[in-house]
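Subject: Handover of a structure with its ligand

Dear colleague,

Please find below the structure that I am handing over to you.

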Amino acid sequence: MKQLGAGIAITGSGSATPAVSLDNHALSKIVDTSDEWIRTRTGIESRHLAKAEESLTDLAVASASAAIAQAGITPEDLDLIILATSTADDLFGSASKIQANLGATRAVAFDLTAACSGFIFGLVTGAQFIRTGAYQNVLLIGADILSRWLDWSDRTTCVLFGDGAGAVVMQASATEDDSLLGFELRSDGKQNDCLKLSYRSGSQELTSNVSVGSGSYRPITMNGREVYRFAVQKVPEAIEKALFRANLNTEEVDWLLLHQANQRILDSVADRLKIPQDKVLSNLASYGNTSAASIPIALDEAVRAGKIKPGHVIAASGFGAGLTWGVAIFKWGR
Ligand code: ACO
């Protein structure tokens with residue numbers, strides 16, 4: 001075991017989305033909505049949707065392979081794989097399947113569920129294993145196929161979401177070069193009812209006095225206004241707290257990278273923090289809300305476009321069901 005006290009470097013990113021996309025015009029033929037309503041209320045223009053036979057595991061593996069290649073390591077180098085998802089192919093977890101498909105023979109793999117905050121919660125979780133010296137190379141994937149769990153006749157939810165996966169590789173570095181500069185993780189179960197993908201209990205009688213449930217899940221339900229209110233209040237507060245811990249002010253942030261839920265939320269959070277629009281990463285017009293995948297997909301696109309450069313400071317925040325919210329302030333690259 002290495003000595004306690006390693007730092008973290010985030011050295012690779014990757015992303016993958018399904019080939020098929022559905023724009024607002026096509027969607028408005030399925031459900032009572034319009035391109036104008038969706039664009040003005042959310043900023044979303046189109047979303048990528050997985051076919052029935054496409055698996056979350058395949059999307060996750062594609063994004064992970066790209067991140068591993070960019071980091072310049074091999075799957076055998078990985079010590080830990082964390083899959084942040086709410087829509088695993090298997091309720092027992094999909095991380096081990098991803099491990100097998102990648103050929104990451106040395107790694108231990110597990111799923112982590114925190115809805116749209118999952119990537120940030122996973123980043124901080126993975127970082128702890130590196131900081132203690134337990135592991136050197138951690139793969140974090142945020143992936144979701146929420147289209148499987150939507151009621152496509154409910155216009156208040158189905159217009160918002162899309163499918164995809166994004167990944168990063170985190171590696172041990174010298175303590176003085178630690179790239180995770182500050183974080184804040186929060187949850188408030190009192191507001192749990194605002195956003196749910198909940199178990200639907202049927203009943204099966206085993207004997208005259210023993211009956212058990214019979215499982216399936218209801219489609220996603222959401223109180224959009226409450227979630228909106230929560231996000232624009234809690235996210236700026238949490239970012240300020242994490243920046244304070246990082247001993248940074250908002251002017252020192254190169255990129256604001258928020259969960260891609262709604263352009264109005266992105267604008268409002270940036271305004272409150274007085275971060276100019278040209279520092280706000282946004283790709284939700286093309287992808288919609290991809291839940292745990294939204295932050296790493298936007299990160300990967302900005303890295304590959306040469307916007308995010310080594311040493312840039314990123315303030316990333318996820319928020320959503322739970323309710324959960326979290327912030328990680330980190331530097332990109334070595
Ligand atoms: N098309 C047309 N009209 C619609 C649609 C639609 N798709 N959806 C709702 N409407 C109607 C409503 O019925 C309502 O009509 P009414 O005034 O006659 O009653 C009207 O539009 C306004 O509805 P609101 O819900 O007030 O619309 P709002 O401006 O709040 O926008 C939205 C809704 C986009 C959902 C917004 O509240 C939002 O983005 N909330 C946050 C969602 C979010 O961030 N989720 C993140 C977490 S996701 C996760 O964790 C998995």
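The domain bounds used here come from an automatic or database domain assignment. On that basis, the shell around the ligand takes at least three residues from domain 1 (4–177) and at least three from domain 2 (180–190 + 221–331). Please note that the model is predicted.

Five elements each supply two or more residues to the shell: α2 (35–42), α6 (155–158), α7 (224–245), α8 (263–273) and β14 (313–320). Of these, α7 provides the largest share, with 4 residues. By residue type, the shell comprises 14 nonpolar, 7 polar and 5 charged residues. There are 26 residues around the ligand, and those that come nearest are Thr33, Arg41, Cys116, Arg225 and Asn262.

Polar contacts and burial

A polar backbone atom of Arg155 is 2.9 Å from a nitrogen atom of the ligand, and a backbone N or O atom of Ala321 is 2.9 Å from an oxygen atom of the ligand. The ligand on its own would expose 1,000 Å², of which the protein buries 77%.

Backbone geometry

Two places in the backbone may interest you. Most residues other than glycine have a negative phi, and most peptide bonds are trans. Against that background, the peptide bond from Gly322 to Leu323 is cis, with omega near -10 degrees. Leu323 belongs to the loop between β14 and β15 (324–331). The other place is Ala115, a residue other than glycine with a positive phi, near 45 degrees. Ala115 is found in the loop that lies between β5 (108–112) and α5 (118–131).

With kind regards

Terms used. Residues are numbered from 1 along each chain as its sequence is written. This is a predicted model: local features need pLDDT of at least 70, side-chain atom pairs count only at pLDDT 80 or more; totals for chains, interfaces and linings use all residues. Side-chain values use heavy atoms; hydrogens and water are left out. A residue is near a molecule or strand if one of its heavy atoms lies within 4 Å of it. A polar contact is a pair of N or O atoms within 3.5 Å; within protein, one must be able to donate a hydrogen and the other to accept it, and residues adjacent in sequence count only if both atoms are side-chain atoms. Accessible areas come from the Shrake-Rupley method with a 1.4 Å probe; for residues, only the protein chains shown count as cover. Ala, Val, Leu, Ile, Met, Phe, Trp, Tyr, Cys and Pro count as nonpolar, Asp, Glu, Lys and Arg as charged, and the others, Gly among them, as polar.
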